[in-house]
Amino acid sequence: MSAQANTEHTGNSPASYNKESNGTGINRQMTHEEHQTAKAAARFGYGPLAHQNTGSDGERLPAFGGEFQPGLYKGVKERKFANPAPLGLCAFALTTFVLGLINMGTRGLSAPNLVVGIAFGYGGLVQLLAGMWEMAVGNTFGATALSSYGGFWISFAIILTPGGFEIVSSLEAINAAEFLNEFGLYLIGWFIFTFLLLLCTLKSTVAFFILFFSLDMAFMLLGIGYLHRDAKGRPNTPVIKAGGFFALVAAFMAWYNALAGIADDSNSFFIVPVVHFPWSVKGKQARGKMNTDGEKIA
């Protein structure tokens with residue numbers, strides 16, 4: 001019985017760059033054209049030379065949105081559970097998507113009551129659980145970000161639960177502007193926190209950076225929209241809509257990074273490019289200025 005050829009690329013170390021294996025276990029050298037094509041693809045974060053062998057013990061891997069890692073990192077030794085980042089990203093994305101549409105006034109919507117249920121169950125609880133699992137894989141950034149935004153959605157739902165905790169009605173009983181001012185400051189606080197995380201993505205990938213940049217802009221604009229009100233004392237509608245737009249961008253970028261973490265050659269016909277910044281570790285490696293361990297080449 002003949003063996004069926006099955007080409008696969010199992011690592012991104014230099015030794016495996018120009019080798020292929022088939023069903024017989026015999027390695028075949030890649031042709032010069034194949035090698036050059038693979039090298040070109042790897043510069044943009046996809047292709048066989050960019051495949052992430054996260055089970056490797058000593059290999060340091062470049063920043064990757066699908067693993068929620070903004071910098072050089074090592075895979076967890078003998079990891080026996082799945083990557084939790086795509087789950088957290090999807091939970092964040094769907095909840096942000098719905099709220100972004102409401103803030104933009106889609107189909108005349110104005111009240112965020114529906115998003116309360118999603119914020120409790122998916123954006124809150126599920127994302128918080130994903131953040132806790134990021135602790136287990138040793139990803140400090142992922143654990144901090146996903147757990148914090150999970151907490152954000154739970155707190156958001158608590159504040160806006162209709163008739164539940166009576167936070168809105170209690171503040172509005174003091175005066176009409178009390179809730180709007182406090183909610184605006186609440187959003188500005190999340191803008192500051194997100195800005196801190198944004199600083200940690202400056203050397204990662206374009207997809208990862210755009211996610212946090214758009215989210216930061218959304219928090220800032222929504223906070224301003226509640227603090228800088230219109231002539232009638234209501235939230236500034238154009239600014240709120242602008243914040244909703246950036247929230248939609250953040251939602252789609254979260255889904256994009258989640259897909260980058262889920263799709264591989266076992267389940268997809270394509271690998272999602274994440275595009276490394278030229279000044280990142282991966283970018284410097286592509287230009288021959290840094291080795292695979294992140295050390296500068298003299």
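Which helix holds the place of L199? L199 sits in helix α6.

This is a predicted model, in which local features need pLDDT of at least 70 and side-chain atom pairs count only at pLDDT 80 or more, while totals for chains, interfaces and linings use all residues. Residues are numbered from 1 along each chain as its sequence is written, and side-chain values use heavy atoms, with hydrogens and water left out.

**View 1. The protein chain as a whole.** The protein chain has nine helices and four strands. These are DSSP runs, numbered from the N terminus: helices are H or I with at least four residues, strands are E with at least two. From the N terminus on, the order is β-β-α-β-β-α-α-α-α-α-α-α-α. Of the 298 residues, 41% are buried. Buried means under 20% relative accessible area, exposed over 50%, and partly exposed in between, with a 1.4 Å probe and protein chains only.

**View 2. L199 and the nonpolar surface patch.** L199 has a relative accessible area of 43%, so L199 counts as partly exposed. I192, F195, L196, L199 and L202 form a nonpolar patch on the surface. Their accessible area together is about 450 Å², by the Shrake-Rupley method with a 1.4 Å probe, where for residues only the protein chains shown count as cover. Nonpolar side chains (Val, Leu, Ile, Met, Phe, Trp, Tyr) are joined within 5 Å, like charges within 9 Å.

**View 3. L197 in helix α6.** L197 also lies in helix α6. L197 is buried, because its relative accessible area is 7%. Leaving aside neighbours within four places in sequence, L197 is in contact (heavy atoms within 4.5 Å) with F141, A145, Y149 and F212. P70 is 127 residues away along the chain, yet the C-alpha atoms of L197 and P70 are separated by 9.5 Å.

**View 4. T201 in a loop.** T201 is found between α6 (178-199) and α7 (206-227). At 0% relative accessibility, T201 is buried. Its contacts, beyond neighbours within four places in sequence, are P70, F141, F208, F209, F212 and F277.

**View 5. The largest nonpolar core.** This core has 51 residues. A nonpolar core is a set of buried Ala, Val, Leu, Ile, Met, Phe, Trp, Tyr and Cys residues joined through side-chain atoms within 4.5 Å. Y149, F156 and F212 are among the residues with the most contacts inside it. α4 gives the most, with ten residues. F156 touches L99, V115, F183 and Y186, not counting residues up to four places away in sequence.

Conventions:
Patch = residues over 30% accessible without salt bridge, like charges linked within 9 Å, V, L, I, M, F, W, Y side chains within 5 Å. Salt bridge = Lys/Arg side-chain N within 4 Å of Asp/Glu carboxyl O.
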